[in-house]
Amino acid sequence: MSQPLKLLHLPTLVLRSVLQLFNPIELFELSQCSRRALSIISLSGSRKFKLHMNEFTNSIHVNGHSFLIHSNGSPSEYPLHGTRTFNGSTVKICHQSDQKSKQKLISFWDNKLVGLKTVFFHLSAVFKCPIECGRFDPTIPAAIYMSIIDFISSRQSEINELCVGGENLPDEYVIDIFNKLRVTEHLVLCHQFCRPPSIPLNNSKSISIWNSSWITTEHLNLMKHCKKIHLGRSSLTDRDMTSLLNDWKSGQFPNLQYLCIQSNFLSKNFTAFGLPSLRDTVNPQPHIKTILGFIIWIYGSVDVQRNDGVGATVLFDKEEGVLQILVL
Amino acid sequence: MTSPASSSEVKYLIESSEGNTFDVSGAALRQSNTFNAMFLNIGADGPIPFTDYNEATLKKVFEYCEHSVNEENYSGPKHQDDLSKWDLNFFNEMDQKMFIDVINASNFLDIERLTSYCCERIARMLRGKNTQEMIKVITLPTAEELEAKQKVEEKKAAAAKKVAEKAAETAEKTETLEELPVQQLVQTTRNKLTRKYLSFSNE
């Protein structure tokens, strides 16, 4: 069968079955063939694909297949495989595949951030799928960050995972993001607010706030249904922490699997539950557990129990001012 | 259609687009969900007309069905590497046209196993290929070709419009001087414009 195949003349059901056998990179390659080829991509069920944008690694992942963005200075290290057009910009590309037979497509750009944004917009339009995850370095320029957020929020009102923060990002923009997007799984807030904000903290299963100096016990109460809480640079005091631990013990944080709070306002001899210390220095044991995909490791903690019998282990590191609870 | 005692012995007459008829066993035909939905319970008097497909295509499709009657129940698409020698020969001896005809017929008759093998075979023709290689396989015009074609068409249309406007202008001037009646003037101009446009389009 060496004659050309009239793919687009196949019955829709057949075409759909064929396209469902392709991975996202093969579909992308097909979409580049012609406008008509582009128009059939969603027949593959691509609307249900999982698209992750990771600005840390300059990559976009679709169902585990990666579209990587490299700087134009590096193509000499890679065998080039022609050019591809992303939202009107034609750039050099290279194909690679890893050991798990997941394919990678590397595109080369003068400006990696512009490249990442362009590829992201293009792939979202090709696959017509929602964006599941947006990970960003907090130093990303606010203009680029907001254009990506505006794009996401114009297409969906929920996102599984989002990192909120950018260089010189004003408070009001951050608050506006929370008005537009509901982060359901994992919220990472790396923005440093000038004033205590009013933002929803009860939507996500996991919350990580890098600079949580504005967090009060009232805010903690909003996080009662979280599985994982991580607060850095908080201003919580011994009293706040004792209140939190008592609430947890009485079962007011029923889903909590892991909590980690750092505060410079905790006294060196802070303890709770009537224990002499929240650190086992006599027979320290390690505890390891995976929670929401994150590996948590604690060493030298003290075993405690909630009133309902649920066991946990607690550690207070007086040097760092870090209190951790890991539910076993 | 005959009505024998054992359903496995039933033979059905199939009619192709040429009006030719041939026998297919009930067991083979029951692999077609379309047949099951249409004829299995109510039966059929005379040949079953699958007249959108030619005899060669239908025979090829039912050849596959007859062969797979004794295979285990279908449990999802097989990888091409898992196909039997018979299956591979079946596909390899088809030319492109026959292959497409078989896909279309199999799709219409809703023969799950055959359709999915055909789809897997097409996917295999494209899998792992880059855009340029795909274009060669699936005979699509490239983006550049489409763009060039569109530009030519736009240029032609613009030129035709210009010529038509000029012709209308000239016609209007000429006919006004001759003081023709209005209806006749309009008709004459329209005829001239049409002739001009058609002659340009034919170039």
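Modeller: Let's take chain A first and then chain B. Keep in mind that this is a predicted model.

Colleague: Okay, helix H5 of chain A. Why does its end-to-end span agree with what we expect?

Modeller: H5(A) covers residues 142–155, so that is 14 residues. At 1.5 Å a residue, the helix should span 20 Å. Its end C-alpha atoms are 20 Å apart, so the two agree.

Colleague: How many of its residues are buried?

Modeller: 10 of the 14, so to speak of the helix as a whole, H5(A) is mostly covered. Buried here means under 20% relative accessible area.

Colleague: Which ones are buried?

Modeller: Among them are Ala142(A), Ile144(A), Tyr145(A) and Met146(A). Further along, Ile148(A), Ile149(A), Phe151(A) and Ile152(A) are buried too. The list also includes Ser147(A) and Ser153(A).

Colleague: And what covers them?

Modeller: The cover includes two helices, H4 (112–127) and H6 (171–180) of chain A. It also includes strands E1 (51–54), E7 (131–135) and E8 (158–164) of chain A.

Colleague: How do those strands run, parallel or antiparallel?

Modeller: E1(A) and E7(A) run parallel, joined by 4 bridges. Met53(A) stands opposite Gly134(A) in E7(A). E7(A) also pairs with E8(A) in the parallel sense, over 2 bridges. There, Cys133(A) stands opposite Glu161(A) in E8(A).

Colleague: What do E7(A), H5(A) and E8(A) make together?

Modeller: A β-α-β unit, and it is right-handed.

Colleague: Switching topic. What does UniProt list for residues 4–52 of chain A?

Modeller: The UniProt entry, which is unreviewed, lists "domain: F-box" there. In the model, residues 4–52 of chain A are 43% helix and 4% strand. The end C-alpha atoms of that span lie 36 Å apart.

Colleague: Now chain B. In what order do the strands of its open sheet come?

Modeller: The order is E2-E1-E3, with mixed pairing. The edge strands are E2 (21–25) and E3 (48–49) of chain B, and each pairs on one side only.

Colleague: How many bridges join E1(B) to E3(B)?

Modeller: 2 bridges, and the strands run parallel. E1(B) covers residues 11–15. Ile14(B) has Ile48(B) in E3(B) as its bridge partner.

Colleague: Which way do side chains point in a regular strand?

Modeller: They alternate between the two faces of the sheet.

Colleague: Last one. Where does helix H3 of chain B lie?

Modeller: H3(B), residues 55–68, lies across E1 and E2 of chain B. The helix runs at about 15° to E2(B).

Methods: Residues numbered from 1 in each chain as written. Chains lettered and ligands numbered in written order. Predicted model: local features only at pLDDT ≥ 70, side-chain atom pairs only at ≥ 80, totals over all residues. Heavy atoms only, no water. Expected span 1.5 Å × (residues − 1). Buried < 20%, exposed > 50% of the residue type's maximum accessible area, 1.4 Å probe, protein only. Contact = heavy atoms within 4.5 Å. Pairing = 2+ DSSP bridges. Right-handed = clockwise from strand over helix to strand, strands pointing away. UniProt positions renumbered as here; feature names shortened; annotations may be inferred. Axes fitted to C-alpha atoms, helices over the stretch in contact; angles between N-to-C directions.
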